[in-house]
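User: I am new to this structure. Please take me through it in short steps.

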Amino acid sequence: MVKLEIKKYGDSVLRKKSDLVQKISKDIKRLVEDMLETMYAARGLGLAAPQVGVLLRVCVIDVDPGKKSPLIMINPKVISGGDKISEQEGCLSLPELFALVKRFSNIVAEYTDLEGKNKKIEADGLLARAIQHEIDHLDAKIFIDYLPDWKKKNIEKEIKRRKKKGDW
Ligand code: CO
């Protein structure tokens, strides 16, 4: 397993849509292993392939990294959602920046697992939020896109400041 470089906000790859995975090849399996290694090393709850520079619809999630029981999703899709709720959210591509984001509090999602089987999952709480956040990455969307303009601008200003310091 190899720890990959996590692309930070401002990298153009995060603004490109990911392609469907056609076949669970050896390369896909290796990518998943490396993404898990990378996510756990960074202590993240989730990681999507574009965040490591790969434009394929693959993400890994573990809302309880202590347990190391990852959910590996290939071609994930939210098929229904309940009420919306605002909760604090962050992203490995925007380290140490958090904001309230409104999302479905519970969802049903479909995906393909690493064995190529079609799966359906009902999720709520942090897991529901993480799945929606990671799928957004596959669609080139980042959580601060949901914020009001002034708030997004504040965060972008902070990022600029950090870039100047070489801390981004
Ligand atoms: Co993210």
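User: What is the relative accessible area of Glu158?

Analyst: This is a predicted model: local features need pLDDT of at least 70, side-chain atom pairs count only at pLDDT 80 or more, and totals for chains, interfaces and linings use all residues. Residues are numbered from 1 along each chain as its sequence is written, and side-chain values use heavy atoms, with hydrogens and water left out. Buried means under 20% relative accessible area, exposed over 50%, and partly exposed in between (1.4 Å probe, protein chains only). Glu158 is partly exposed, because its relative accessible area is 22%.

User: Which side chain does the side chain of Glu158 join in a polar contact of 2.6 Å?

Analyst: Glu158 is found in helix H3 (residues 149–164). Helices (H or I, at least four residues) and strands (E, at least two) are DSSP runs, numbered from the N terminus. A polar contact is a pair of N or O atoms within 3.5 Å; within protein, one must be able to donate a hydrogen and the other to accept it, and residues adjacent in sequence count only if both atoms are side-chain atoms. At 2.6 Å, the partner of Glu158 is Arg161.

User: How many helices and strands does the protein chain have?

Analyst: Read along the sequence, the pattern is α-β-β-β-β-β-β-β-α-α. The count comes to three helices and seven strands.

User: What is the radius of gyration of the protein chain?

Analyst: The C-alpha atoms fill a box of roughly 45 × 40 × 30 Å along the principal axes. The radius of gyration is taken over C-alpha atoms, and the globule rule is 2.2 Å times the number of residues to the power 0.38. With 168 residues, a compact globule would have a value near 15 Å, so the chain agrees at 15 Å.

User: Which residues coordinate the cobalt ion?

Analyst: Donors are N, O and S atoms within 2.8 Å of the metal (3.2 Å for Na, K and Ca); water is not among the atoms, so sites may look incomplete. Along the chain, the donors follow the spacing C-x41-H-x3-H. At 2.0 to 2.2 Å, the cobalt ion is coordinated by Cys91 (SG), His133 (NE2) and His137 (NE2).

User: Why are His133 and His137 separated by about one helical turn?

Analyst: Both His133 and His137 are buried. An α-helix has 3.6 residues a turn, so residues three or four places apart point the same way. The two histidines are separated by about one turn because they sit four residues apart in helix H2 (residues 125–138).

User: Which side chains make polar contacts with the side chain of Arg103?

Analyst: Arg103 lies in strand E5. At 3% relative accessibility, it counts as buried. Contact means heavy atoms within 4.5 Å, and Arg103 touches residues including Arg129, His133 and Tyr146. Its polar partners are Glu89 (2.8 Å) and Asp136 (2.9 Å).

User: What is the relative accessibility of Arg129?

Analyst: Arg129 has its place in helix H2. Its contacts, not counting residues up to four places away in sequence, include Ile85, Gln88 and Arg103. Arg129 counts as buried because its relative accessibility is 6%.

User: How many bridges join strand E4 to strand E5?

Analyst: Two strands pair if DSSP finds at least two bridges between them. E4 and E5 form a hairpin with two residues between them, and Ser86 stands opposite Lys102 in E5. E4 (residues 84–91) and E5 (residues 94–104) run antiparallel, and the bridges number seven.

User: How far apart are the end C-alpha atoms of helix H1?

Analyst: The expected span of a helix is 1.5 Å times one less than its number of residues. The 16 residues of H1 (residues 26–41) should therefore span 22 Å, which agrees with the 23 Å between its end C-alpha atoms.

User: Which strands do the buried residues of H1 pack against?

Analyst: Among the buried residues of H1 are Ile28, Leu31, Met35 and Tyr40. They pack against strands E1 (46–48), E2 (58–61) and E3 (71–81).

User: What is the phi of Glu96?

Analyst: Most residues other than glycine have a negative phi. Glu96 is found in strand E5 and is exposed, because its relative accessibility is 66%. Although Glu96 is not a glycine, its phi is positive, at about 65°.
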